[in-house]
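Biologist: I would like a close look at one helix pair and what surrounds it. Please keep it brisk.

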Amino acid sequence: MKSSKRYQEISKKIEKEKTYKLEEGAKLVKELANARFDETVELAMHLGIDPKQSDQQVRGTVLLPHGTGKKVQVLVLAKGEKEKEAQEAGADYVGADDYLKKLQEGWLDIDVIIATPDLMSQVGKLGKILGPKGLMPNPKTGTVTFDVAKAVKDAKAGKIEYRVDKTGNINVPIGKASFEENKLIENTRVLLTEIVRAKPSSAKGTYIKSITISSTMGPGIKIDLSEASSKTK
């Protein structure tokens, strides 16, 4: 696939074989994000693990100090008092049977689904619909809970999920191109700390093999791995 002329031009500003300090990378990614919309800045990592092994899964959540810059649409599946709690906490959609039916019919205009444990037997039946979209509530990510107010506030504040894919890669948003450099840097460092902490005990050799940041329409910028290794000390 041929790159656009714009992409080719901005790519010239990057030294392909160079790895940049995080501060340099954050500055550069902002400079190169010149699309007509506020581009999302993403961090991509390649891990030295075998994702096929059940004991080498890397998955979790992290609350980014400055959020992602995205307005997060939250659905809470709950009944009774918990519905009221969710509404007061700022959930966009709250209910049970009506929303379960809408989800079954293919409605997926949300970013996060939080469910109370008593409804999971019904939610579980939607696994084939919600699973591929990364929307299935999970106790490990704090989205199956009776503390719906905290879960809603965390989601709205910028709590994101990271999960290694079949090829050992993790891709997550760390902000917007309009963010100040220091906010992108702080979000990245918090995320790296969490991913290092999530290293499987069975993983051998180099854990983090590469780190790249990029904006939606921009080229990847390789980040110095010392940024991640410092998190293990």
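Within what distance do the axes of α2 and α8 come, and at roughly what angle do they cross?

Modeller: A word on the source first. This is a predicted model, with residues numbered from 1 along each chain as its sequence is written, and side-chain values use heavy atoms, leaving out hydrogens and water. Local features need pLDDT of at least 70 and side-chain atom pairs count only at pLDDT 80 or more, while totals for chains, interfaces and linings use all residues.

Now the pair. Two packed helices are described by the angle between their axes and the distance between the axes. The axes of α2 and α8 come within 9 Å and cross at roughly 125°. α2 is therefore oblique to α8. The cut-offs are under 35 degrees for roughly parallel, over 145 for roughly antiparallel, 65 to 115 for roughly perpendicular, and oblique for the rest. Each axis is a line fitted to C-alpha atoms, for helices over the stretch in contact, and angles run from 0 to 180 degrees between N-to-C directions. Helices are DSSP runs of H or I with at least four residues, strands are runs of E with at least two, and both are numbered from the N terminus.

The crossing of α2 past α8 is right-handed.

Which residues meet? From α2 come L22, E23, A26, K27, V29 and K30, and from α8 come E181, L184, I185, T188 and R189. Contact here means heavy atoms within 4.5 Å. Sorted by class, this contact has 5 nonpolar, 1 polar and 5 charged residues. Nonpolar covers Ala, Val, Leu, Ile, Met, Phe, Trp, Tyr, Cys and Pro; charged covers Asp, Glu, Lys and Arg; the others, Gly among them, are polar.

Buried means under 20% relative accessible area, exposed means over 50%, and partly exposed lies in between, with a 1.4 Å probe and protein chains only.

Take M45. Setting aside residues up to four places away in sequence, M45 touches G168, N169, I170, L192, I195, I208, S210 and I211.

Next, the loop between α8 and β8, where A203 is found. A203 counts as buried because its relative accessibility is 10%. A203 touches I49 and Q56, again not counting residues up to four places away in sequence. A203 and G48 are 155 residues apart in sequence, yet 7.5 Å apart in space, C-alpha to C-alpha.

For comparison, take another pair. The axes of α3 (residues 81-89) and α7 (residues 148-157) come within 8 Å and cross at roughly 25°. These two helices are therefore roughly parallel to each other. α3 passes α7 in a right-handed crossing. K82, E85, A86 and A89 of α3 make the contact with V148, A149, V152 and K153 of α7. By class, that contact has 5 nonpolar, no polar and 3 charged residues.

Key
Left-handed = near helix turned anticlockwise from the far one by under 90°.
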